[in-house]
Amino acid sequence: MREFFQVISIQKVLDMAGRFPLAGTEEVEVFQACGRILAKDVVSKDNVPAFARSTMDGYAVSASSTFGASEGIPAMLEVAGRVEMGTTPEFSVGPGQAALMPTGGMLPEGTDAVVMVEHTEILDDKTIEVYKSVAPLGNVLDVGDDVKKDEVVLKKGVRLRPQDLAVAASVGEPILSVYKKPIVGIVSTGDEVVSADQEPGPGQIRDMNTYALGGLCHQAGAEYRSYGIVGDDPQALRQACEKALNECDMLLVSGGSSVGARDHTIEVIEGFENSDILVHGVSISPGKPTILAKVGDKQVWGLPGHVTSAMVVFHAMVRPFIHHVAGYEGGDGVVSVPAKLARNVPSVQGRTDYVRIRLVEKDGELTAEPIFGKSGVIRTMVEADGFIQVDLNDEGLDPGTMVRVDLFDK
């Protein structure tokens, strides 16, 4: 029987991500880029806006013409003209004058502010009263107020949001360079595992891992392909892994990572040319028998067969590796909230425990209720809102301890 390699910490595993290359890049139209990872800085070629523009409906003025204006002593201004949208005003405005302005219109020469229409009253076709003074650049976006020429508006490695697409469009970048989405192959193993559409026989269970891992890949920004269910047959596993490695950037093998007689993942990986077993055994619970290997320049993960263990390992280690390959530089992407622990959580020093948590609001504060259960039970994950981590140097956590709950993606 094989023994575990030396069990190492999660952090040491994460430090290995740099051994694997990033995915290639491609160019996409900006409206198709939401959620993608930017592969090249976006630099503005122009000032945005390129002209001083009004942010309100009102009257363009020289701010000094309104100083001292109030409801009791309004400023009386002559209307010199009307600004049309999308055009350059062909007239100028002198002291004691104003120009009727639409929101977004270009300020005419001689003006530096806009009085809101609510603070004015029309006396006749050529005269208005202003009841409130306005400061220079009041209600105005000046040249470059939004984006300045040669400014980096989006940095490489960010996940593009709708507002990022808007700023790219505003600086005239209709095409963006993004990293290709990593393609992850998934192989589920075990003689006892049957597909979800089959009726399990005695001693059999339906495949859950392919669906859970595929969903997690999608949430992490990767595409996934299922290579089916493989029984406890080294040759069949070899064929499935070979096909996946030829077609994908990385491979997840669910089941077969332990040290039992039917666990063939290690020997199959070792059989590939240019293979290197980097990790076999991580100080994490659940998920200790995790495998990380390098075959050529591609990563191969051997994950536990129990669905909860596989999901915990994905959350703790596989997801950051996907982010690395995808070029994402925005941290771990995990949303966390503080909560007060409802009851004690036992642990063992020397391993990092991932405990499922249900969040409950009590008296205006969040309480973290641990959900305990065996690692093959998916219901505990369904009922949970996230995880807490018990550090490998802790022997457990007491009730009332403030903890950080890493939320599951919605």
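Biologist: Which residue forms a salt bridge with Glu199?

Modeller: This is a predicted model, in which local features need pLDDT of at least 70 and side-chain atom pairs count only at pLDDT 80 or more, while totals for chains, interfaces and linings use all residues. Residues are numbered from 1 along each chain as its sequence is written, and side-chain values use heavy atoms, with hydrogens and water left out. A salt bridge here is a side-chain nitrogen of Lys or Arg within 4 Å of a carboxyl oxygen of Asp or Glu. With the closest N and O atoms 3.5 Å apart, the partner of Glu199 is Arg206.

Biologist: Is Glu199 buried or exposed, and what is the relative accessible area of Arg206?

Modeller: Buried means under 20% relative accessible area, exposed over 50%, and partly exposed in between, with a 1.4 Å probe and protein chains only. At 66%, Glu199 is exposed. Arg206 is partly exposed, its relative accessible area being 37%.

Biologist: How many residues apart in sequence are the parts tied together by Arg319 and Asp409?

Modeller: The side chains of Arg319 and Asp409 form a salt bridge with an N to O distance of 2.9 Å. Helices (H or I, at least four residues) and strands (E, at least two) are DSSP runs, numbered from the N terminus. Arg319 belongs to helix α6 (residues 307-325) and Asp409 to the segment after β28 (402-407), so the parts tied together are apart in sequence by 90 residues.

Biologist: Which of these two terms, buried or partly exposed, applies to Arg319, and which to Asp409?

Modeller: The relative accessible area of Arg319 is 11%, and therefore Arg319 is buried. For Asp409 the value is 29%, which makes Asp409 partly exposed.

Biologist: Which residues are joined into one network with Arg379 and Glu383?

Modeller: Glu383 and Arg379 meet in a salt bridge of 3.3 Å, N to O. The two are four residues apart in helix α7 (residues 379-383), so about one helical turn separates them. Glu383 is partly exposed at 33%, whereas Arg379 is exposed at 54%. Through salt bridges that share partners, Arg379 and Glu383 are joined into one network with Arg358, Lys362 and Glu369.

Biologist: How many salt bridges does the chain have by this rule?

Modeller: The chain carries 37 positive and 58 negative charges, with mean positions 7 Å apart. By the salt-bridge rule, the count is 15.

Biologist: What covers the buried residues of helix α3?

Modeller: Helix α3 (residues 209-219) has the buried residues Asn209, Thr210, Ala212, Leu213, Gly214, Leu216 and Cys217. After the helix comes Gly221, with a positive phi near 95°. The cover of the buried residues includes β13 (183-189), β16 (223-230), β17 (250-254), β21 (298-303) and α6.

Biologist: Where does Asp363 lie, and is Asp363 buried or exposed?

Modeller: Most residues other than glycine have a negative phi. Asp363 is not a glycine, yet has a positive phi of about 50°. The residue lies in the loop between β24 (352-362) and β25 (365-371). With a relative accessibility of 84%, Asp363 is exposed.

Biologist: What is the radius of gyration of the chain?

Modeller: The chain has seven helices and 28 strands, and its C-alpha atoms fill a box of roughly 95 × 50 × 40 Å along the principal axes. The radius of gyration is taken over C-alpha atoms, and the globule rule is 2.2 Å times the number of residues to the power 0.38. A compact globule of 410 residues would have a value near 22 Å, but the chain has 31 Å.

Definitions and conventions. Lys, Arg positive; Asp, Glu negative; His and termini not counted. Charge placed at Lys NZ, Arg CZ, Asp CG, Glu CD. Contact = heavy atoms within 4.5 Å.
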